[in-house]
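Biologist: I have a protein model open and would like to learn how to read it. Could we go through it feature by feature?

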Amino acid sequence: MVSLSKKIKVTLPQNIYEIIKNDIDDFNMTSNYFMNYIFLNLNEKYKNFKGNPAIAEQSKEKSSIQFNLNKASNLIYYDVLRENNAQNESEFMRSLLIRYATNPKNKRELFIFRESVERLNLAIKDKKNVYITFNDNRKVKVSPYYIGSSDLEIANYIFCYDYLEEKYKNYKLSYLNQVYTTSETGNWEDKKYINDVIKNFDPFLSKGQVIKIRLSERGKKLFKAIKINRPKLINSKDDIFEFEASEEQIKRYFTYFLDDATIIEPIELKKWFIEKYENALKNLKNK
């Protein structure tokens, strides 16, 4: 006789529900996998993963998540409830989810990808190369040096040397699927550069790259207001601003400014923006 998996319905404050749903999407996993992962892993071992439950009280609206216990969860389900003196199973799961969701996103990400993080940190400690397989099945060999987060604690990145591209890279932790550690010794030749990046961690590896941009008055206001991916300002005079930033960071940040930001240098980046705006104009005219 085949036993049916137990179904659990959890009602959450709307703000907690939104965080959970966004993480499920951002971390590229199913709702069922995520919920079972929380149940199986958010235990006494992670006492420092407390969060701030008071945040949950800020939302009066409610939404529900329903999931089935997987085989591993089924085996220990009632033991876990008994050990935690849980009288109400939905309330117990609710408390776990609130505990999880009221931590900063970069900390939640480290928890969800803890197996990969532990392997990477061990490889860093032993100075070994690893093979990283991404969600799109792309595979690269890298020398990992550091796992750092963005200024606003939104995401974590693996700072490494990519042997295929033959350059230093930062890869988002959430893009990872698998990590395999090799017996090969990593590339630590440029220790000064590696240590400088670790000391002043920047997801875009902008060190030494200078971008010159002209901003309108509205562009200046936008620069003050928009914080996500904002490049480091190193000099300004009148309407001319110089940033220490990678071209990728400038593309992500200033695309939203339209004619309120004009790229001056480098020329190749200026050409990229011209081409993008010309293509957008053609598309608009053709509709």
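This is a predicted model: local features need pLDDT of at least 70, side-chain atom pairs count only at pLDDT 80 or more; totals for chains, interfaces and linings use all residues.

Biologist: Which strands pair with β3, and in what sense?

Modeller: There are two to look at here. With strand β7 (residues 176-185), β3 pairs in the antiparallel sense over six bridges. With strand β4 (residues 139-149), the pairing is also antiparallel, over four bridges.

Biologist: Which residues stand opposite V130 in β7 and β4?

Modeller: In β7, the bridge partner of V130 is T181. In β4, V130 stands opposite V142.

Biologist: How should I picture side chains along a strand?

Modeller: In a regular strand, side chains alternate between the two faces of the sheet.

Biologist: How many residues lie between β3 and β4?

Modeller: Four, and the two strands form a hairpin. N137 sits in the loop between β3 and β4. Its phi is near 75°, which is a positive value in a residue other than glycine.

Biologist: Is N137 buried or exposed?

Modeller: N137 is exposed, because its relative accessible area is 61% and the cut-off for exposed is over 50%.

Biologist: Where else can I find a positive phi in a residue that is not a glycine?

Modeller: Look at D238, with a positive phi of about 55°. D238 lies in the loop between β9 (232-237) and β10 (240-244). D238 counts as exposed, at 64% relative accessibility.

Biologist: Now peptide bonds. Which two residues does a cis peptide bond join?

Modeller: E265 and P266, with omega at about 0°. P266 is placed in the loop between β11 (261-265) and α10 (267-286).

Biologist: Let me try single residues. Is D23 buried or exposed?

Modeller: First find D23 in helix α1 (residues 14-26). D23 is buried, because its relative accessible area is 1% and buried means under 20%. Leaving out residues up to four places away in sequence, D23 touches Y100, K105 and R108.

Biologist: What does K141 touch, beyond residues up to four places away in sequence?

Modeller: K141 is found in strand β4. K141 touches N129, V130, Y131, Y161, D162, Y163 and E184, with residues up to four places away not counted. K141 is partly exposed, with a relative accessible area of 22%.

Biologist: How do I compare distance in sequence with distance in space?

Modeller: Take two pairs. E89 and V10 are 79 residues apart in sequence and 8.9 Å apart in space, C-alpha to C-alpha. K141 and I274 are 133 residues apart in sequence and 35 Å apart in space, again C-alpha to C-alpha.

Biologist: Where does E89 lie, and what does it touch?

Modeller: E89 lies in helix α4 (residues 89-101). Its contacts are K6, Y77 and L81, not counting residues up to four places away in sequence. E89 is partly exposed, at 27% relative accessible area.

Biologist: Next, empty space. How do I look for a pocket?

Modeller: Rolling a probe the size of a water molecule over the atoms shows where empty space is left. In this model, the largest pocket has a volume of about 940 Å³. Of the 36 residues lining the largest pocket, the closest to its centre are D151, D202, P203, F204 and Q249.

Biologist: Let us step back to the whole protein. How many helices and strands does the protein have?

Modeller: Ten helices and eleven strands. The C-alpha atoms fill a box of roughly 70 × 50 × 40 Å along the principal axes. Buried residues make up 40% of the 287 residues.

Biologist: What can contacts tell me about the chain as a whole?

Modeller: Count contacts between residues at least 6 apart in sequence. Of these, 68% join residues at least 24 apart.

Biologist: And how much accessible surface does the protein have?

Modeller: About 17,400 Å², of which 48% belongs to carbon and sulfur atoms.

Technical notes: Residues are numbered from 1 along each chain as its sequence is written. Side-chain values use heavy atoms; hydrogens and water are left out. On a 1 Å grid over the protein atoms alone, a cavity is a set of points where a 1.4 Å probe fits but cannot get out, and a pocket is an open set with protein on both sides within 12 Å along at least five of seven lines; lining residues have an atom within 4 Å of a point. Grid points are joined across faces, edges and corners, and a volume is the space filled by probe spheres set on the points. Buried means under 20% relative accessible area, exposed over 50%, partly exposed in between (1.4 Å probe, protein chains only). Contact means heavy atoms within 4.5 Å. Accessible areas come from the Shrake-Rupley method with a 1.4 Å probe; for residues, only the protein chains shown count as cover. Two strands pair if DSSP finds at least two bridges between them.
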